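I have opened my notebook for a first look at this structure.

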Amino acid sequence: MKKDDDFGTNIDKSQNLEYCCFCFKNGRFTDEGISLQEKIEKLILISVNQLGMPEDIATQMAETKLP
């Protein structure tokens, strides 16, 4: 996460430095209730489709960082 818009937001609209804008908004996770495997798959799709990351690198990062 490099730009202010990349970071999630807390309930008071302040920047959350721990989670990205795709995962955390207004003090809540955007996808509460999904499994770790579903979260990994979601992160891979975001990384490839929205950030332009190669799928193999996105997969490696998601599978090693999230757990």
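Entry 1, the strands. Before I look up a bridge partner, I need a term: two strands pair if DSSP finds at least two bridges between them. I am working with a predicted model. I looked up strand 1 (residues 7-9) and strand 2, and I found them paired in the antiparallel sense over three bridges. Which residue in strand 2 is the bridge partner of Thr 9? I found that Gln 15 is the partner.

Entry 2, the two helices. Here is the general idea I kept in mind: two packed helices are described by the angle between their axes and the distance between the axes. I looked up helix 1 (residues 36-49) and helix 2 (residues 55-65), and their axes come within 9 Å and cross at roughly 145 degrees. I wrote down the crossing as right-handed. Next I asked which residues meet. From helix 1 I listed Ile 40, Leu 43, Ile 44, Ser 47 and Val 48, and they meet Glu 55, Ala 58, Thr 59, Ala 62 and Glu 63 of helix 2. Sorted by class, this contact has six nonpolar, two polar and two charged residues.

I noted about 790 Å³ of space in the largest pocket. I found 27 residues lining this pocket, and Met 1, Cys 20, Cys 23, Leu 43 and Ser 47 lie nearest its centre. Which elements give two or more residues to the lining? My list reads strand 2 (15-20), helix 1 and helix 2. Helix 1 gives the most, with five residues. By class, I sorted the lining into 17 nonpolar, three polar and seven charged residues.

How values were computed. Residues are numbered from 1 along each chain as its sequence is written. This is a predicted model: local features need pLDDT of at least 70, side-chain atom pairs count only at pLDDT 80 or more; totals for chains, interfaces and linings use all residues. Side-chain values use heavy atoms; hydrogens and water are left out. Axes are lines fitted to C-alpha atoms, for helices over the stretch in contact, and angles run from 0 to 180 degrees between N-to-C directions. Helices (H or I, at least four residues) and strands (E, at least two) are DSSP runs, numbered from the N terminus. A crossing is left-handed if the near helix is turned anticlockwise from the far one by less than a right angle, and right-handed if clockwise. Contact means heavy atoms within 4.5 Å. Ala, Val, Leu, Ile, Met, Phe, Trp, Tyr, Cys and Pro count as nonpolar, Asp, Glu, Lys and Arg as charged, and the others, Gly among them, as polar. On a 1 Å grid over the protein atoms alone, a cavity is a set of points where a 1.4 Å probe fits but cannot get out, and a pocket is an open set with protein on both sides within 12 Å along at least five of seven lines; lining residues have an atom within 4 Å of a point. Grid points are joined across faces, edges and corners, and a volume is the space filled by probe spheres set on the points.
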